[in-house]
Amino acid sequence: MGRRAKHKQAAPEALEPKEPYTSKKQLGKRKAEADTQDEKSSPRPTKRAKDLSSKGKGKEISSSSKAKPTKTKPKKNAKVVDDDGSEGWEDVEDGEDLRGHTKSLFNDSDEEEPAGFVGDLDEFDMDEDDEFISGPAQEFDFDSDEEEEEEEEEEEVVLPSKTKKSKQAERPKKIIPTQSDQSSSDEDGDEDEDDERVTMANMAARSRKLEAQAEEDAELDIKEAQAAAADEEDDDIDMDDDDEDMEGDIDAEPFHLPTAAEREEEKAAGGPDVHLVQRRMREVARVLAKFGKRAEKGRARAEYIDQIVSDIASYYGYNEFLAEKLFHLFPVNEAIEFFEANEIPRPVTIRTNTLRTRRRDLAQALVNRGVNLEPIGKWTNVGLQVFESNVPIGATPEYLAGHYMLQAASSFLPVIALSPQPNERVLDMASAPGGKTTHMAALMQNTGVVFANDANKARTKSLTANIHRLGCKNVVVCSYDGREFPKVMGGFDRVLLDAPCSGTGVISKDASVKINKSDRDFTLLSHLQKQLILCAIDSVTPESKTGGYVVYSTCSVTVDENEAVVDYALKKRPNVKLVDTGLQFGREGFTSYRGKNFNPSVKLTRRFYPHVHNMDGFYVAKFKVEKRSKALPNAAKSSEADEPVAVDPEFMENIQVERTGFNDEEDKAYLEEDKRKRMKAKGLRPPPRSKAAQKLAEAKA
Ligand SMILES: C[S@@+](CC[C@H](N)C(=O)[O-])C[C@H]1O[C@@H](n2cnc3c(N)ncnc32)[C@H](O)[C@@H]1O
């Protein structure tokens, strides 16, 4: 089996039978849909938006958004899930008694375990980490308006029709079918593990396997690229048996990569035909997989890459800058899987609020209302996936009573990693609308205190409402720029920085990201994230008896917003080290990327992808904060999970050690100023300033 085939991501399953790409049926894109009746009945919505006959880039983009009605972002307070939105989940038989089905899922362990459900529910409920989980929604970028999903208002979540089977979503047809795609039809009955459907339940194990494979794959790609660059004519390059993988797809006509002049001509003529773009992506990917052997004489690898990036941008409706940025995160074929996955909604998931109920009780109550659901997977004992529902999931009595939050599965991860403990003092530095705050409050069993901060005051309204609805009694809401911490207050046992980000992990929810992000946005965001992460670290007390941790997360997949930020923090704060996130799956963070090298311990961070994990793209890093004098990478281990990765001494020599100092005197002055302000606001006369406060006021003036 070829490398690609072996590494075929588990979730992706070809939407349609593997037929030659030239058939109308396979050209299931917008244009083909318009052309054929067949396409109307295609399960795939008209999404890849792009009327390629339209002229000019801007036009193409706008026509693209018109062309995808079933994929558009839900209206406010409405979450629309296509019929195929139940991707990655086990089938439930048509006509099956849903109550019976779910009853079987949630009954005590002496009942037979249903298919697709790994383990007994009791087992999940007793899981220490997640016992008290609760919390909402998906990730939000910066100013994302997706907060409605977590807002206090009633939410209308439109799920697949009642009669629809709850099933694994049909994947979009792959541009490049892998050998395993072919073998699924070729080798009847020979179901190897790789062809098994992926559910949240079996995802963790499969994901680990895929990660190892992907790593190997990426290494091979790098080697291949290097070899190809060294000798483009070298016919001996034989990294794998891709030839066989792709043989079935090789078109009769040899592929010709358009020259610059031909590309210009194509543009002038209104852009290429969608079928041509599709075929070209496939062909270019094929060439890139074995460049020395398949490339046209005299053509550089960079030309092929330019072409495929440009085609990806036009086909999926991205600006070229972002298409390129995302493309380089993956080996070529996998990049296309990633772009494809961004066209499909992720599963609708909810998180049981264990402050109000137990998962099995919630599940039973919802089943009684005609909701078809299943536990998400072994890694969480509070998550449920909703396949279909007779009632709006965002407006059930259980929802209004705070028994659950609508929350993307990826949003559970940073809180599980942070693992806040009862009676601790915790800061959620960028918390609105409170999905993770309420989750933390529940894990802490309403003890200790969670400071839920968000710089955007307007967003603290929905945060407060969610806190009330979920019955969190240990949360204090505040609204500061996170960069003011720890001057506002410090001494936290744990801090979560779920940072404002570009949202490249949630493109399936917010397609506007495809076109509205520029280089400058990434520079600014990365800068803000770096400032915030230092403040998050400095807000933690290394003296904490139970904690001393910071978790950094984003719903973005770019390296600038993730590994680069974490690496920066390690350089600027020698008293912190990365530790294992404790998450059972996810790909390792990059330790080098496009010429940049990061601290080797960055591999302890975790990346999550829509096409691999069937959840939003996400990133999680966990730091242990130590006393400043003990800022050595090989500091004593507190537990196995905290085991630091050996740090290259050369790397340590080169790191810049610089501290932006926070000192107690200055903190006092800030606190005093703040108190004065509050007194003034209340119409009270503040006492005269202390010397330090006077200095501060003068400095400010
Ligand atoms: C990804 S969202 C947080 C989502 C939240 N953690 C949840 O789970 O519901 C990022 C948040 O950061 C806030 N934000 C942006 N800049 C900030 C800053 N400088 N300090 C604190 N919060 C900030 C935004 O208002 C936004 O609510």
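Here are some friendly notes on this predicted model, point by point.

1. Some ground rules come with the model. Residue numbers start from 1 along each chain, following the sequence as written. As the model is predicted, local features need pLDDT of at least 70 and side-chain atom pairs count only at pLDDT 80 or more, while totals for chains, interfaces and linings use all residues.

2. The overall picture comes next. The protein has 27 helices and 17 strands, taken as DSSP runs numbered from the N terminus (helices H or I, at least four residues; strands E, at least two). Of the 701 residues, 51% are buried; a residue is buried if 20 or more other C-beta atoms lie within 10 Å of its own, exposed if 12 or fewer, and partly exposed in between, with C-beta atoms placed from the backbone. Among contacts with a separation of 6 or more, 77% join residues 24 or more positions apart; a contact means that two C-beta atoms, placed from the backbone, lie within 7 Å.

3. The crossing of α11 and α13 is left-handed, that is, the near helix is turned anticlockwise from the far one by less than a right angle. On the α11 side the contact includes Val277, Met281 and Leu288, and on the α13 side it includes Tyr304, Ile308 and Tyr315. By class, this contact has 10 nonpolar, 3 polar and 2 charged residues (nonpolar: Ala, Val, Leu, Ile, Met, Phe, Trp, Tyr, Cys and Pro; charged: Asp, Glu, Lys and Arg; polar: the others, Gly among them).

4. Helix α11 also packs on α15 (residues 332-341), where the axes come within 9 Å and cross at roughly 145 degrees. Here Met281, Ala285, Leu288 and Ala289 of α11 meet Val332, Asn333 and Ile336 of α15. That contact has 6 nonpolar residues, 1 polar residue and no charged ones.

5. Now to a sheet. Four strands form an open, antiparallel sheet in the order β4-β5-β3-β6, with pairing requiring at least two DSSP bridges between two strands. Strands β4 (371-377) and β6 (404-406) are at the edges with a single partner each, so one side of each has no neighbour in the sheet. On average, neighbouring strands are turned by 35 degrees against each other, direction ignored. Inside the sheet, 4 bridges join β3 (residues 348-352) to β5 (residues 380-389), and Val348 has Val386 as its bridge partner in β5.

6. What does helix α16 (residues 359-368) bury? Its buried residues are Arg359, Arg360, Leu362, Ala363, Leu366 and Val367. Seen down the axis, they fall within an arc of 160 degrees, so they line one face of α16; the arc is that of the directions from the helix axis to the C-beta atoms. Gly370, which follows α16, has a positive phi near 90 degrees.

7. Helix α20 (residues 459-469) has buried residues including Arg459, Leu463 and Ile467. The buried residues of α20 pack against α19 (435-443), β8 (449-453) and β9. Just after α20, Gly471 has a positive phi of about 70 degrees.

8. Lastly, please look at Asp481, in the loop between β9 (475-478) and β10 (494-498). Asp481 counts as partly exposed because it has 17 C-beta neighbours inside 10 Å. Its C-alpha atom is 8.3 Å from that of Asn453, 28 residues away along the chain.

Note on methods. Axes fitted to C-alpha atoms, helices over the stretch in contact; angles between N-to-C directions.
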